[in-house]
Amino acid sequence: MYLTDYHTHTRLSPDGEAPLTEMARAAVQAGLSELCVTDHYDLMQLDGTPFTEPYDWDPAVEQLREAQAAFQGRLTLRLGLELGSAPFFPDRAQAAVDRPEVDFVIGSLHNMTPEAGGGDFYYVDYKTPEICYACLDDYFGSMLRLAPMTCYDAMGHIIYPLRYMNLRSGQNVTLDRYQDQLREILRLVAQNGRSIEVNTYNGRTVADWKPVLELYREAGGELVTVGSDAHAPDNVAKGVREAYALLADTGFRYVTVYEKRVPRPVRL
């Protein structure tokens, strides 16, 4: 089985811990065939202030080449980026990914809209269901704006806020009231030739993806990547095998890999 992890972070991310060589070593030990590094570049800071510095690709390219040399013949390595808040700064988002070295871009939303204060969803105190649903209203409104854009290849962690609402804060929030919005988002993703990712959150949220995958298939979607969202070597590939099994159970036949932003299906 050709196992892939298409959402990982190195020490080049503000919350990453290890160089790419260590992440690659963990990938080989976990039996992966391909690893894509997707370090963070968010266009908004944690408090919602715009981040205006351009992404520095040079260290990313340097560590990729070092890791490729060290693991040649044992692991395919790809250079990616997790791009945050693209709908709010479309020109800057497009400029960030217009580099020939880039293989893959995740389009993610970590912040609320500027109109809602722009704060990172991580820092919200989800003490009531009302707060949760207000944040989700904002989140999926932004995702509708992101879906037709061309600066990304995979729509990142669609169920992202739930990890903090339910797993961390003990709420029991569902996406039932967002089914129509999700159908439209997933239709636009599929129509746009983009993919969605099954983000395992280090193996903690695999089963939660089944309803989204079912809606995506209904919308005609076929392109899916799988990522652990690992920020340290110990979490590389966690949940990947289970995600592959879920994809197969939901009717998908392929996982998607990328080279120079061109998708290629790989049989599960």
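1. A salt bridge is taken here as a side-chain nitrogen of Lys or Arg within 4 Å of a carboxyl oxygen of Asp or Glu. By that rule the side chains of R78 and E34 meet in a salt bridge, with N and O 3.5 Å apart. Because R78 belongs to strand β3 and E34 to strand β2, the pair ties together parts that are 44 residues apart in sequence. Please keep in mind throughout that this is a predicted model.

2. Are the two partners of that pair buried or exposed? R78 is buried, its relative accessible area being 15%, and E34 is also counted as buried, at 1% relative accessibility.

3. Since R261 sits in the loop between β8 and β9, while D153 sits in the loop between α4 and β5 (154-155), the pair ties together parts that are 108 residues apart in sequence. D153 counts as buried, with 4% relative accessibility.

4. Another salt bridge joins the side chains of R183 and D180, at 3.4 Å from N to O. Both residues lie in helix α6 (residues 179-191), where they are 3 residues apart, or about one turn of the helix. R183 is partly exposed, with a relative accessible area of 37%, and D180 is exposed, with a relative accessible area of 63%. Beyond this pair, salt bridges that share partners join E34, R78 and E259 into one network.

5. T38 lies in strand β2 (residues 34-42) and counts as buried, because its relative accessibility is 0%. Leaving aside neighbours within four places in sequence, T38 is in contact with Y6, H7, T8, H9, G80, L81, E82, F104 and I106.

6. In the loop between β7 and α8 is A237, whose phi is near 75 degrees, a positive value in a residue other than glycine. A237 is buried, with a relative accessible area of 14%.

7. T200 is found in the loop between β6 and α7 (210-218), and, with a relative accessible area of 0%, T200 is buried. If neighbours within four places in sequence are left aside, the contacts of T200 include T205, V206, V226, G227 and S228, and also K238, G239, V240 and A243.

8. Strand β8 (residues 254-259) and strand β9 (residues 262-267) run antiparallel and are joined by 6 bridges, and the bridge partner of Y254 in β9 is R267. Which residue in this hairpin takes a positive phi? In the hairpin, which has 2 residues between the strands, K260 takes a positive phi near 50 degrees, and K260 is a residue other than glycine. K260 lies in the loop between β8 and β9 and, at 45% relative accessibility, counts as partly exposed.

9. A last point concerns the surface, where L46, Y122 and Y123 make a nonpolar patch of about 350 Å². Y123 is found in the loop between β4 (104-108) and α4 (129-146). With a relative accessible area of 54%, Y123 is exposed, because the term exposed is used for values over 50%.

Conventions: Residues are numbered from 1 along each chain as its sequence is written. This is a predicted model: local features need pLDDT of at least 70, side-chain atom pairs count only at pLDDT 80 or more; totals for chains, interfaces and linings use all residues. Side-chain values use heavy atoms; hydrogens and water are left out. Patches are made of residues with over 30% relative accessible area and no salt bridge: like charges are joined within 9 Å, nonpolar side chains (Val, Leu, Ile, Met, Phe, Trp, Tyr) within 5 Å. Accessible areas come from the Shrake-Rupley method with a 1.4 Å probe; for residues, only the protein chains shown count as cover. Helices (H or I, at least four residues) and strands (E, at least two) are DSSP runs, numbered from the N terminus. Buried means under 20% relative accessible area, exposed over 50%, partly exposed in between (1.4 Å probe, protein chains only). Two strands pair if DSSP finds at least two bridges between them. Contact means heavy atoms within 4.5 Å.
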